[in-house]
Amino acid sequence: MMLPKIATPKYDMIVPSTGEKVTYRPYLIKEEKILMIALESEDDAQIEQAILDILTACFVMKTKPSELTVFDVEYMFLMLRSVSVGETVQLTPKCTKCEEPGEVSIDLSKVKVQGLKKGQELNKQIKLSDDLTVDMHYPRVGDAIQADTGTDTILGTVAKCLDTIYYGEDTYNLVDSSSEEVVDFIENLNTHQFQKIAEILTEAPYVGKNLKWKCEECGEQNDIELKGLTDFF
């Protein structure tokens, strides 16, 4: 007699950036094992790939997880973790005054994407001069895994997020260009032009939640913001 197939519950959610309604199931022991192995490696690329693999296995959706923004993937993984392991996570943040660790509970199901407005465009067109304009997108998780510029982190991130360059009457689709060529283009911008591009990255939406607690050691009322996936674990 064949062993039984264990039924798993199904959940619905909306992908923050696209508005796509998707269905997902909790991750199972086999997927949790993938994550644990990646975490033990302490390799960022391996951890990111493990998260993408788990989302691919657990979500039914049109868009590949690697094509979504960083904040999409982080939000989806937090929601997935909340139904797979439990909604509550115990954190031990340090007091901002005496640096003693506290004990605070976070409900992952209440976490939101901050800074994302309804109908907000994910692709930005930035005019850098009268004859130079660029199209760019918010950082995607897949960018960090597929690209290896070997340059400073900020320059590398900007290079991955540029899509098209319009210079005079010419249009350059950067999918046809190497990472080195894109970085060389960025390095030849002036400071003002580069700052206009970098501002888009600093203003990108993110997964975040305010965390308030009173330090039992010194009585300080702490108020900090959790920002990004790693802050929640």
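Q: I'm looking at Asp184. Is this residue buried, partly exposed or exposed?
A: The general idea is to ask how much of a residue's surface is left uncovered: under 20% relative accessible area is buried, over 50% is exposed, and partly exposed is in between. In this predicted model, Asp184 has 43% relative accessibility, so Asp184 counts as partly exposed.

Q: Which helix does Asp184 lie in?
A: Look for helix H6, which covers residues 179-187.

Q: Which residues form a negative surface patch with Asp184?
A: Asp and Glu count as negative. Here, the patch is made up of Asp184 together with Glu180, Glu181 and Glu187.

Q: Let's zoom out. How many helices and strands are there in the chain?
A: You'll find 7 helices and 12 strands. The chain has 233 residues, and 39% of them are buried. Its C-alpha atoms fill a box of roughly 65 × 60 × 35 Å along the principal axes.

Q: Now the cysteines. How many disulfides does the structure hold?
A: A disulfide is a covalent bond joining the sulfur atoms of two cysteines. This structure holds 0 of them.

Q: Are Cys215 and Cys58 buried or exposed?
A: Cys215 has a relative accessible area of 5%, so it is buried. Cys58 is buried too, at 3%.

Q: Where are Glu42 and Glu99 found?
A: Both sit in loops. Glu42 is in the one between H1 and helix H2 (44-58), while Glu99 is in the one between strand E4 (88-91) and strand E5 (104-107). With a relative accessible area of 70%, Glu42 is exposed. Glu99 is exposed as well, at 55%.

Q: Is a loop residue such as Pro26 buried or exposed?
A: Check the number for the residue itself. Pro26 is in the loop between strand E2 (21-24) and helix H1 (29-41), and its relative accessible area is 10%, so Pro26 is buried.

Q: How far apart are Pro26 and Ile224?
A: You can count along the sequence or go through space. These two are 198 residues apart in sequence, and 30 Å apart from C-alpha to C-alpha.

Technical notes: Residues are numbered from 1 along each chain as its sequence is written. This is a predicted model: local features need pLDDT of at least 70, side-chain atom pairs count only at pLDDT 80 or more; totals for chains, interfaces and linings use all residues. Side-chain values use heavy atoms; hydrogens and water are left out. A disulfide is a pair of cysteine sulfur atoms within 2.5 Å. Buried means under 20% relative accessible area, exposed over 50%, partly exposed in between (1.4 Å probe, protein chains only). Patches are made of residues with over 30% relative accessible area and no salt bridge: like charges are joined within 9 Å, nonpolar side chains (Val, Leu, Ile, Met, Phe, Trp, Tyr) within 5 Å. Accessible areas come from the Shrake-Rupley method with a 1.4 Å probe; for residues, only the protein chains shown count as cover. A salt bridge is a side-chain nitrogen of Lys or Arg within 4 Å of a carboxyl oxygen of Asp or Glu. The place of a charge is taken as NZ of Lys, CZ of Arg, CG of Asp or CD of Glu. Helices (H or I, at least four residues) and strands (E, at least two) are DSSP runs, numbered from the N terminus.
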